[in-house]
Amino acid sequence: MAFTTAMACRLIGRKSVIGARSMSSWWRNVEPAPKDPILGVTEAFLADPSPDKVNVGVGAYRDDNGKPVVLECVREAERRIAGKLNMEYLPMGGSVKMVEETLKLAYGENSEFIKDKRIAAVQSLSGTGACRLFADFQKRFSPDSQIYIPVPTWANHHNIWRDAQVPQRTYHYYHPESRGLNFAALMDDIKNAPNGSFILLHACAHNPTGVDPSEEEWREISHLFKVKNHFAFFDMAYQGFASGDPERDAKSIRIFLEDGHHIGIAQSYAKNMGLYGQRVGCLSVLCENEKQAVAVKSQLQQLARPMYSNPPVHGALIVSTILGDPDLKKLWLKEVKVMADRIISMRASLRENLEKLGSPLSWKHITKQIGMFCYSGMTPEQVDRLTKEYHIYMTRNGRISMAGITTGNVGYLANAIHEVTKSA
Amino acid sequence: MDSDSVFGNVVRAPEDPILGVTVAYNKDTSPNKLNLGVGAYRTEEGKPLVLNVVRRAEQMLVNDLSRVKEYLPIVGLAEFNKLSAKLILGAESPAIQEKRVTTVQCLSGTGSLRVGGEFLSRHYHQLTIFIPSPTWGNHPKVFTLAGLSVKTYRYYDPATRGLDFHGLLEDLGAATEGSIVLLHACAHNPTGVDPTPDQWEQIRQLIRSKALLPFFDSAYQGFASGSLDADAQSVRMFVADGGECLIAQSYAKNMGLYGERVGALSIVCKTADVASRVESQLKLVIRPMYSNPPIHGASIVATILKDRDMYNEWTIELKAMADRIITMRQQLFDALSARGTPGDWSHIIKQIGMFTFTGLNSKQVAFMTKDYHIYMTSDGRISMAGLSSKTVPHLADAIHAAVARFG
């Protein structure tokens, strides 16, 4: 080697290179990253010693005792799976059985698209992973496209498409004054987007607002998409959780399918099967024909391989065990309805409590909105007061996770909200 | 009305060369077929293996009704992270005691490499990574998609079927200062050729003198020699000099957790403060990729690593797997010697770990697949874990015939 150590020392100005002890860190300039706004809430909550504390931050379901729930159907599936044959690698596209069952949920039990094998689908790392895979795929195969994202949306949507290097634009969605849908502005934005734009839609139970288009509004949106030849990408993280009926919650998707759109869907079992930490989901893309579906699936796998090679097997096995067994599937549907019903009753209860306290504001939106979250309309400052004075934890955009509310804390919560908003 | 698909221009991607071997194998109806493609351990009976200690851990988890399935933190299961760092660095490692190591749970080795690569492409000043030639087929794709520019350094010498040490030193010596260098911690994939401890020391000195950044891929700790500590020596040597490095760990092979996707990325930093800031930035890479890692496999690993008896049981089962592979190497070598197959086949017993780089060319490999139903990657790599005493003769026959046919 021509380069002597001494020369190297002089050139890079370090005292001793072989021991590397006096070398400074490569990472001196690394800034501390801001805390994730959503997951950071739970961290803060856990650190709070107050006995009154309430976590209505992250969207994870709690029972009426405020405890996380493992569904009975899941426990039974796990009992059957434990001691399974082996833990071999799944194919890059994941569990075929799990994907098949998952597509039925989204596209319909007897979907012609499934029969005709027109859907390119792969198991994904829950909803996040499905969105990310699609974003990477969009970048690679529609490199000039952008993604239109509703305002507001789940914060991580922005991170996902940004990291995939797909430029973002937004479209109007939430109407703060009515705490409902800004339908006219939404349609305007969709109309003004260039033909063939990629648009992200929340299939049901919009996160964070809980505001969904009505069936009629969905039909109009679908029609406009047809006129503009837009690509609809559905993020469906709450199927079953919104109304308690998975078929009903898939209505928006079914409307688009009837209208002939070739859509993409990100599905998650985090909430509706309570499989949060197992990271189970599915990305699907409806294609013109089987040949194209095969091609698209192969390319999705090419994106998955350098990210994680193949998806985790355990959660997928739980899903396919449940959905593949008629009795377990029935049990699951029952349990999903119980969760959805509890949330619906907490909405009614929170609204009732606030109205009883004589709040000057309207809280109708609490029962009009749907799904895990309620966009309360509170300001960041009011949220900060809730946290500081009442030990109530939620994201600063005023989003309340209804699943964190119980008969035990709804009164306390209503009182606190009333106190910080009554002079608003 | 069915509008034209916006993805109508998408062409079908080629099969992954490694995973595609298993696809082809599965299609073959011959009773003599042999899968020596993907590096997944098989027993003497040719069956996949779930370690007893893993089954026990799983049962414990299932029976523990207090367990829930909540989201893990973005960085994964804390206990798992601590134990993983100890496993690779040593329980007494000063780097750990000084809190200079950040460890995040990732999706097996692949996920750890990808997250590490993404972090480097955002925060490091020299975006070139040198990977050995040859290396695991997925390495270039992982780092390219992570945003790094990939170059190679000489590693394997076909003439000796061993390490091209001189070429390695030359190529790393010529690298731009600060470049990243991918090192296989042990049991190099696909060649099975590892540097000796002396050679590792020289590599370390060179890397530190050029201020190159080492990125270890540790996918076979315990699998190579049968000893977890011995197989971690290369990594520990680098960490002992006080310098920084990245380490990707996988539990796919050594705990047989393949499909559970369990691994960890550790970044050894100069100070605790730096490590903490680095960890916060790792979260920003992970969150838009999959939010947080899967809980099941990491829980199994943590259960085993933190219990002395289970840990010991694991080391015994691990050694048994490593020993069986070493036995297969010997048997294959003996079988080729017995057949008088032309050439020097001693590399089969000199190489280490799951794979042997046979030196067979793609023509010979294709012949072996067609005529003997032997499935392996076209670079001549065979997974020793896929062999048994019963199947060694068939493979030896195939190699013998291929060498005779295509010289």
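Start by selecting helix 14 (residues 326-356) and helix 17 (residues 410-421) of chain A: their crossing is right-handed, meaning that the near helix is turned clockwise from the far one by less than a right angle. This is a predicted model, where local features need pLDDT of at least 70, side-chain atom pairs count only at pLDDT 80 or more, and totals for chains, interfaces and linings use all residues. Residues are numbered from 1 along each chain as its sequence is written, chains are lettered from A in the order written, and side-chain values use heavy atoms without hydrogens or water.

The two helices pack at an angle of about 50°, with axes 9 Å apart. Now show the contact residues (heavy atoms within 4.5 Å): A:S349, A:L350, A:N353 and A:L354 from helix 14, facing A:V410, A:G411, A:L413, A:A414, A:I417 and A:H418 from helix 17.

Finally, jump to B:S266, in strand 10 (residues 263-268) of chain B. With 0% relative accessibility, B:S266 counts as buried (under 20% relative accessible area, 1.4 Å probe, protein chains only). Among the residues B:S266 touches are B:A85, B:V101 and B:C245.

Technical notes
Axes are lines fitted to C-alpha atoms, for helices over the stretch in contact, and angles run from 0 to 180 degrees between N-to-C directions. Helices (H or I, at least four residues) and strands (E, at least two) are DSSP runs, numbered from the N terminus. Buried means under 20% relative accessible area, exposed over 50%, partly exposed in between (1.4 Å probe, protein chains only). Lists of a residue's contacts leave out its neighbours within four places in sequence.
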